[in-house]
Amino acid sequence: MNVLIVYAHPEPTSLNGSLKDFAMQRLEAAGHHVQVSDLYAMQWKAPLDAGDTLERRPGGQPFHPSLDSKHAFEQGVQSPDIAQEQAKLAWADAVILQFPLWWFSMPAILKGWVERVYAYGFAYGVGEHSDVRWGNRYGEGKLAGKRAMLVVTTGGWESHYSPRGINGPMDDILFPIQHGILYYPGFDVLPPFLVYRTSKMDADRYAATTAALGERLDHLFTTAPIAYHPQNSGAYEIPALTLRPDIAPGQDGFAAHVRAA
């Protein structure tokens, strides 16, 4: 199978760099084909701007992020770095986003990768919008049938990210990434692989961490994905896009969008 690792850490000798190398070697040893988009090494341009379109929309119109993205994607005039990353996504059977949790989210360079690569017509703005459907998204889309997983490191303790922890539940912190960035264009999203207290990583913990990561990678294509409610399956009222009253009654917030076991 084909696996793309999108990696965002500026130091090759960091814990993240070591885990990325371990993941690549483990996957290749299992017979998979692996590509790595090392965003810092690539000097990836993070800001989405008018330079992402080689040929602007006719008429000298002001830059419009969505409309210019749509024009560039449809006309084949995207910046080459964007088109290359889209080709990697099309090639991949599974995508791993690996990053340190910085200020409760992904590093800016990885957010910029998403903003630029997820073009209108590629990752959003796809499909019929009507009284019975609201586009091909949240379980459908051009990336449907592919798998995705986060590999996330953080300096905080696991208890800090527990349901009553000071930082808030990790599931809630990652929901905008897992549900909003990965599930939105169609990925089957696997539970994340999390590494806590990175500053306390000694040889024994590192061995245990790589053993656990190796186990997750060995089951990359068999692990059950997070059971989000698909948008167009009847669970949501359209066009309001709210859950039907009989779905997760009494629940609200992020957890309501995951089907009960």
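**Entry 1: the model**

I reminded myself before starting that this is a predicted model.

**Entry 2: α1 against α6**

I began with helix α1, residues 15-29, and helix α6, residues 203-218. How far apart are their axes, and at what angle do they pack? I found the axes 10 Å apart and an angle of about 40°. That angle makes α1 oblique to α6. I also noted that the crossing of α1 past α6 is right-handed.

Next I listed who touches whom. From α1 the contact takes in Leu15, Ser18, Leu19, Phe22, Ala23, Arg26 and Leu27. From α6 it takes in Tyr206, Thr209, Thr210, Leu213, Gly214, Glu215, Leu217 and Asp218.

**Entry 3: a look at Leu15**

I stayed with Leu15, which sits in helix α1. Which residues does Leu15 touch, once neighbours within four places in sequence are set aside? I wrote down Val195, Thr198, Met201 and Tyr206. Tyr206 is also one of the α6 residues in the helix contact above.

For a sense of scale, I checked Leu15 against Asp68. They are 53 residues apart in sequence, and their C-alpha atoms are 39 Å apart in space.

My next topic was salt bridges. Side chains of opposite charge can pair when their charged atoms come close. I have a count of 12 salt bridges for this model.

With which residue does Asp68 form a salt bridge? The partner is Arg56, and the closest N and O atoms are 2.9 Å apart. Asp68 belongs to helix α2 (residues 65-75), while Arg56 is in the loop between β2 (33-38) and α2. The two are 12 residues apart, and the pair links distant parts of the chain.

Are these two buried or exposed? Asp68 has a relative accessible area of 1%, so I marked it buried. Arg56 is at 33%, so I marked it partly exposed.

**Entry 4: Ser69, the next residue along**

Ser69 is also in helix α2. Its relative accessibility is 16%, so Ser69 counts as buried. Leaving out neighbours within four places in sequence, I found Ser69 in contact with His64, Ala119, Tyr120 and Tyr124.

**Entry 5: α3 against α4**

Here I looked at another helix pair. The axes of α3 and α4 are 9 Å apart, and the angle is about 90°. The two helices are therefore roughly perpendicular to each other. On the α3 side I listed Asp81, Ile82, Glu85, Gln86 and Leu89, and these meet Trp113, Arg116 and Val117 of α4. This contact divides into 4 nonpolar, 1 polar and 3 charged residues.

Two names in that list, Asp81 and Arg116, also form a salt bridge, at 3.0 Å from N to O. Asp81 is in helix α3 (residues 80-91) and Arg116 in helix α4 (residues 108-117), so the pair ties together parts 35 residues apart in sequence. I noted Asp81 as partly exposed at 23% relative accessibility, and Arg116 as buried at 3%.

The pair is also part of a network. Salt bridges link Lys45, Asp49, Asp52, Asp81 and Arg116.

Glu115 is partly exposed at 34% relative accessibility, and Lys111 is partly exposed at 38%.

**Entry 6: backbone details**

I finished with the backbone. The peptide bond from Ile238 to Pro239 is cis, with omega near 15°. I placed Pro239 in the loop between β7 (236-237) and β8 (242-243).

Trp103 is not a glycine, yet its phi is positive, about 50°. I found Trp103 in the loop between β3 (94-100) and α4. With a relative accessible area of 81%, Trp103 is exposed.

Tyr138 is another residue other than glycine with a positive phi, near 50°. I located Tyr138 in the loop between α4 and β4 (147-153).

Technical notes:
Residues are numbered from 1 along each chain as its sequence is written. This is a predicted model: local features need pLDDT of at least 70, side-chain atom pairs count only at pLDDT 80 or more; totals for chains, interfaces and linings use all residues. Side-chain values use heavy atoms; hydrogens and water are left out. Axes are lines fitted to C-alpha atoms, for helices over the stretch in contact, and angles run from 0 to 180 degrees between N-to-C directions. Helices (H or I, at least four residues) and strands (E, at least two) are DSSP runs, numbered from the N terminus. Angles under 35 degrees count as roughly parallel, over 145 as roughly antiparallel, 65 to 115 as roughly perpendicular and the rest as oblique. A crossing is left-handed if the near helix is turned anticlockwise from the far one by less than a right angle, and right-handed if clockwise. Contact means heavy atoms within 4.5 Å. A salt bridge is a side-chain nitrogen of Lys or Arg within 4 Å of a carboxyl oxygen of Asp or Glu. Buried means under 20% relative accessible area, exposed over 50%, partly exposed in between (1.4 Å probe, protein chains only). Ala, Val, Leu, Ile, Met, Phe, Trp, Tyr, Cys and Pro count as nonpolar, Asp, Glu, Lys and Arg as charged, and the others, Gly among them, as polar.
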